[in-house]
Number of protein chains: 2
Amino acid sequence: MPAPRPRTLSLNLFLYHLGHHEAAWRHPSTDPSRIYDPTYYVELARKAEAAKLDAVFFADGPVLHSGVDHNPAEGPEPLLTLATIAAHTRRIGLVATASTTFYEPYNLARLFASLDHLSGGRAGWNVVTTQSADAAANFGLDAHPDPLARYARAEEFLEATTRLWDSWEEGAALADRVQGRWADPDRIHPADFTGEHLAVAGALNVRRTPQGRPVIVQAGASNAGRDFAARWAEAIFTAHQRIEDAQAFYSDVKRTALAHGRSADQIKILPGISPFIGSTEAEARELEATFNELTVPEYGLRNLGAQAGVDLTTLDLDAPVPLDLFADAGDVTDNTRSRFQVVAGIVRRDRPTLRELLHRLAGARGHQVVAGTPEQIADRIETWFTQGAADGFNVMPPALPLGLDAFTDHVVPILQRRGLFRTEYEGTTLRDHLGLEVPENRWTRQRAALGARASA
Amino acid sequence: MPAPRPRTLSLNLFLYHLGHHEAAWRHPSTDPSRIYDPTYYVELARKAEAAKLDAVFFADGPVLHSGVDHNPAEGPEPLLTLATIAAHTRRIGLVATASTTFYEPYNLARLFASLDHLSGGRAGWNVVTTQSADAAANFGLDAHPDPLARYARAEEFLEATTRLWDSWEEGAALADRVQGRWADPDRIHPADFTGEHLAVAGALNVRRTPQGRPVIVQAGASNAGRDFAARWAEAIFTAHQRIEDAQAFYSDVKRTALAHGRSADQIKILPGISPFIGSTEAEARELEATFNELTVPEYGLRNLGAQAGVDLTTLDLDAPVPLDLFADAGDVTDNTRSRFQVVAGIVRRDRPTLRELLHRLAGARGHQVVAGTPEQIADRIETWFTQGAADGFNVMPPALPLGLDAFTDHVVPILQRRGLFRTEYEGTTLRDHLGLEVPENRWTRQRAALGARASA
């Protein structure tokens, strides 16, 4: 058994249109004409790879957001974009979000297995159940399934896809030219899964992949989402404003994972962080203010009003947000509620004006936004990493490429000097970067168990 | 109105595992270890691009063929493979097969629209309905839908996806930084389609693509397939052994297209051709024989027996095939029947032994296999092209890269010297290569009609 490797920080680059700040597209540093340009994504990923980041990460949903009138809520589909990136990079991981509610397991298992093969073992899947009712209407569903029904399907979906990824046992591929045997049918196993929500009969037409299966990432912070994550996720992308909340979430997830018989170090907690970086803190705050001034208030009001379930357009932008608008949300049953709780916490603690609240949320949709010097950003990352709040971060640059350049040029070197972050990739796969084991193929395990019994 | 351009030959490269001959993987020229290697596909596509071919083409089905024990019936998913190829090529078209029976229109419309954007207008979709009952079981369906039901869904699927591709009218994208307007919501239109088999409500989250929509290719030769093709297809991939049959099909499709109000030159007929190429005809035939000798008879017998619906393993391989095994198939209701008719024709006309029949079918699954010198192959292509049997060909090399090299190095130059094939790309998109118009956006057309009426 090898010595346990020292705990190392994970850093992903979350690529999001022209940046995570909702007004990024209006900032002169961004180029709106490039959102369908493959070289735009390749250039960003290559910068992240040069900085030795673990992965690039894409959000996704099968629906056009109604805010597209004021926001670049469009772009190429993530899996194809990642295949494009894979073709021009060598090491960096490739994580795409995809929905268990609106895909079929056979199709999605193939897509991710293919990405893992084509990238030499760099694929990750951010599993979401998609909360948008508008998305349901794009798939002929009369009503959007509620969170419990969505997670029940997600559970079956993971069972089906992991069976498909295991369907080619080790030794199944032969390519024996002399005997004329391409594969050993005794080592190819049908998925043979029938659930309440879906069923898959046969084996995958893609052999077992370099990573065994893609890294399973999960982003749901609802109660159902947490339990699902503790069972399946190998990395969790989460949103916390304060270290206390992040620490509570961190220890809760690790505890639940242990209760499911998993090792705590095989589930990485990665909060989002959106850093405004300046050579002084004042300069960083000024940069943030520049972006906030570019926001379109109608856009923020519409999103926030939809969360609160009320029309906010009649309120005074420069008066404090009424406390009763965001009273405690009670139990967190889905992501809308968990986002609502984040907003409620800000309103309760900081008593912002409506305009201030819109600016707080404009940065990264509820994820923490930090303005500071490279040292201050590095300090924040180090504190959360060493104080039981995070295993790493999903870095969400406010604007692209501006915020990525600032992070890789100025923050990453500090983290490297402090010995917190790699200066070279040690392995070739995303599992290598994250320190995650290759899951054993269930048929290989069973065969080994039978062999041990037979020889006993 | 520009002068009509002279009729030009189309040539696609059909990429299929290690080659189209079923024993290609056993031939020493192929490398079985490369079937998941992205550089394998990129190298093949770059050779095709250097020869100025119109497109590369991938078959597909969401099922593992039971013949995988003797055949490389696996590989990376076509759309992701084409995104990989797109990243390393500049002009060649990219056609993927995908099934309307086993995909959802919103997901597939996004994938193809994204490929069209990422490739600068080179995407094509070979629409299939998938005849395999094993595939249905991979999607939780108790029974495989019959051909008429599959084509009824396909019809709705095309209606839904073309509405999605049209949902961003011309002028919808603004990126107006000064006004803070990303898009004009009055020019973004929900798909708003409800059929018997599927429904899609909203607009696509991908704007209109460089080609307006991907080129629609179709391969079904059944009666339902032909009618569907005459309505929707811009290119038809078809299988014919004899020029008389190809001519009858060609004129029938063009006539039906005209009856649907379409222009005959906007639907290209591309039969498959699998050429064994030698410096003499004898050498070419010897090469073909070498491949045939590498076939695994059990594999061919199992496939042919499944088509005939009988167990063929008890028959003498070297006795003539009994005529009653492949009596006339009657009406062509699906692709299995159309393939059956091809086999019946061979048995009736040529009275082969079972082994000879297996060898005939080993080449390209019912497509024409030709062994000859480069001049003879070029003659065949020219004859079919000039005698109303084809607008071009889907070239199916028996082995890859061997058969591709022979075709591009020796046959393409002859076709170029004869003035039948381009020596340089004239345009940048697949529609440019094929001489296909960009379909007008329905909303732009409607707006123009309203404008004309208002000003009348």
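User: Which residue in β3(B) is the bridge partner of B:A55?

Analyst: B:A55 has B:G93 as its bridge partner in β3(B). Helices here are DSSP runs of H or I with at least four residues, strands are runs of E with at least two, and both are numbered from the N terminus. This is a predicted model, where local features need pLDDT of at least 70 and side-chain atom pairs count only at pLDDT 80 or more, while totals for chains, interfaces and linings use all residues. Residues are numbered from 1 along each chain as its sequence is written, chains are lettered from A and ligands numbered from 1 in the order in which they are written, and side-chain values use heavy atoms, with hydrogens and water left out.

User: Ok. How many bridges join β2 of chain B and β3(B), and in which sense do they pair?

Analyst: Four bridges, parallel, with β2 of chain B covering residues 55-58. Two strands count as paired if DSSP finds at least two bridges between them.

User: What does the chain cross through from β2(B) to β3(B)?

Analyst: Helix α2 of chain B, residues 78-86, and that β-α-β crossover is right-handed. Right-handed means that, with the strands pointing away from the viewer, the path from the first strand over the helix to the second runs clockwise.

User: And β4(B), how many bridges does it make with β3(B)?

Analyst: Six, again parallel. B:T97 stands opposite B:N126 in that pairing. The chain gets from β3(B) to β4(B) through helix α3 of chain B, residues 105-118, in a right-handed β-α-β crossover.

User: Why is β3 of chain B largely enclosed?

Analyst: Because seven of its seven residues, 93-99, are buried, the strand is largely enclosed by the rest of the structure. Buried means under 20% relative accessible area, exposed means over 50%, and partly exposed is in between, using a 1.4 Å probe and protein chains only.

User: Which residues sit on each face of β3(B)?

Analyst: B:G93, B:V95, B:T97 and B:S99 are on one side, with B:L94, B:A96 and B:A98 on the other, and they are all buried. In a regular strand the side chains alternate between the two faces of the sheet.

User: Switching to chain A: how many residues of its β3 are buried?

Analyst: Seven of the seven in 93-99. β3(A) runs parallel to β2 of chain A, with four bridges, and also parallel to β4 of chain A (residues 123-128), with six. β3(A), helix α3 of chain A (residues 105-118) and β4(A) make a right-handed β-α-β unit.

User: Now the interface. How many residues of chain A are in contact with chain B?

Analyst: 71 residues of chain A touch 71 of chain B, where contact means heavy atoms within 4.5 Å. The buried area is about 5,800 Å², with carbon and sulfur atoms giving 60% of it. That area is the accessible area (1.4 Å probe) that the two parts lose on being put together, summed over both.

User: How many salt bridges between chain A and chain B?

Analyst: Four, and one of the pairs is B:E74 with A:R207, at 2.9 Å from N to O. A salt bridge here is a side-chain nitrogen of Lys or Arg within 4 Å of a carboxyl oxygen of Asp or Glu. There are also 43 residue pairs in polar contact across chain A and chain B, both at pLDDT 80 or more. A polar contact is a pair of N or O atoms within 3.5 Å; within protein, one must be able to donate a hydrogen and the other to accept it, and residues adjacent in sequence count only if both atoms are side-chain atoms.

User: Which element gives the most to the chain A side that touches chain B?

Analyst: α3(A), with eight residues.

User: What is the phi of A:K52?

Analyst: Positive, about 70°, although A:K52 is not a glycine. A:K52 is buried at 16% relative accessible area. Most residues other than glycine have a negative phi, and most peptide bonds are trans.
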